[in-house]
Amino acid sequence: MPVSLNMRMSMPSWFDIHGLSPDANEDEAGIKRASENIKALIDQEVKNGIPSHRILLGGFSQGGALSLYTALTTQQKLAGVVALSCWLPLRNSFPQASANSVNKDMHVLQCHGDADPLVPFMFGSQTAEKMKTLIDPANVTFKSYQGLPHSACPEEMVDVKRFIEKHLPPISDE
């Protein structure tokens, strides 16, 4: 899709990005549309027999942002979210302590490189603090990676693997 920040050139994208500053306009309609698409995928998996509490959302950059937003707005109880190098879109639309959220007890692993030039580290840390006001703060883990730009690293992937193994353990054959 054409992305405003990319001189309207097409690139893989969940929604439009107008700017990278904290006060930049956000593509609310695009974010909500993309979230509805993810919710439809969750609903389809549930229809296919996967309990929603065994579904974990995850993504990098826009994908992580969309995962956080979708988990906070879905009516399906999820296992958690892995959010890498991202931010919470439409963050001002969430009231403090969304105690009525079906996912208020979900677990979130948020990872961010401290040398990220695209999604500044500050956005990641502020998102983690915001998430702690929306869900059980004890269930939000924020990990930083020294010198990591807008990318992933082996240490981060080990952390993701451990998070998934902990929050989506194998189903035992009883």
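1. A nonpolar core here is a set of buried Ala, Val, Leu, Ile, Met, Phe, Trp, Tyr and Cys residues joined through side-chain atoms within 4.5 Å. In this predicted model, the largest such core holds 31 residues, and those touching the most other members are Leu-57, Leu-68, Leu-72, Val-81, Met-106, Met-131 and Ile-135. Two or more residues come from each of α1 (28-47), α2 (62-73), β4 (80-84) and α3 (121-134). The largest share is that of α2, which gives 6 residues.

2. On the overall layout, the protein chain contains 4 helices and 6 strands. Read from the N terminus, their order is β-β-α-β-α-β-β-α-β-α. The protein chain has 174 residues, and 43% of them count as buried. Of its contacts between residues at least 6 apart in sequence, 68% link residues at least 24 apart. The accessible surface is about 9,300 Å², with 55% of it on carbon and sulfur atoms.

3. The length of α3 checks out. With 14 residues at 1.5 Å a residue, α3 should span 20 Å, and the distance between its end C-alpha atoms is 20 Å, in agreement. The buried residues of α3 are Phe-123, Gly-124, Thr-127, Ala-128, Lys-130, Met-131 and Leu-134. Viewed down the helix axis, they fall within an arc of 165°, so they line one face of α3. Their cover includes α2, β5 (107-113) and β6 (140-145).

4. The loop between α3 and β6 contains Asp-136. Its relative accessibility is 30%, so Asp-136 counts as partly exposed. Not counting residues up to four places away in sequence, Asp-136 touches Lys-104 and Asp-105. Asn-103 is 33 residues from Asp-136 along the chain, and the two C-alpha atoms are 9.3 Å apart. A polar atom of the Asp-136 side chain also lies 3.0 Å from the backbone nitrogen of Ala-138.

5. Asn-139 is also in the loop between α3 and β6. Asn-139 counts as buried because its relative accessibility is 11%, where the cut-off for buried is under 20%. With residues up to four places away in sequence left out, Asn-139 touches Asp-105, Met-106, His-107 and Val-108.

6. Most residues other than glycine have a negative phi. Ser-61, in the loop between β3 (56-60) and α2, has a positive phi near 60°. Ser-61 counts as buried because its relative accessibility is 14%. Ser-85, in the loop between β4 and β5, has a positive phi of about 50°. Ser-85 is buried, with a relative accessible area of 0%.

Note on methods:
Residues are numbered from 1 along each chain as its sequence is written. This is a predicted model: local features need pLDDT of at least 70, side-chain atom pairs count only at pLDDT 80 or more; totals for chains, interfaces and linings use all residues. Side-chain values use heavy atoms; hydrogens and water are left out. Buried means under 20% relative accessible area, exposed over 50%, partly exposed in between (1.4 Å probe, protein chains only). Contact means heavy atoms within 4.5 Å. Accessible areas come from the Shrake-Rupley method with a 1.4 Å probe; for residues, only the protein chains shown count as cover. The expected span of a helix is 1.5 Å times one less than its number of residues. The arc is that of the directions from the helix axis to the C-beta atoms. A polar contact is a pair of N or O atoms within 3.5 Å; within protein, one must be able to donate a hydrogen and the other to accept it, and residues adjacent in sequence count only if both atoms are side-chain atoms.
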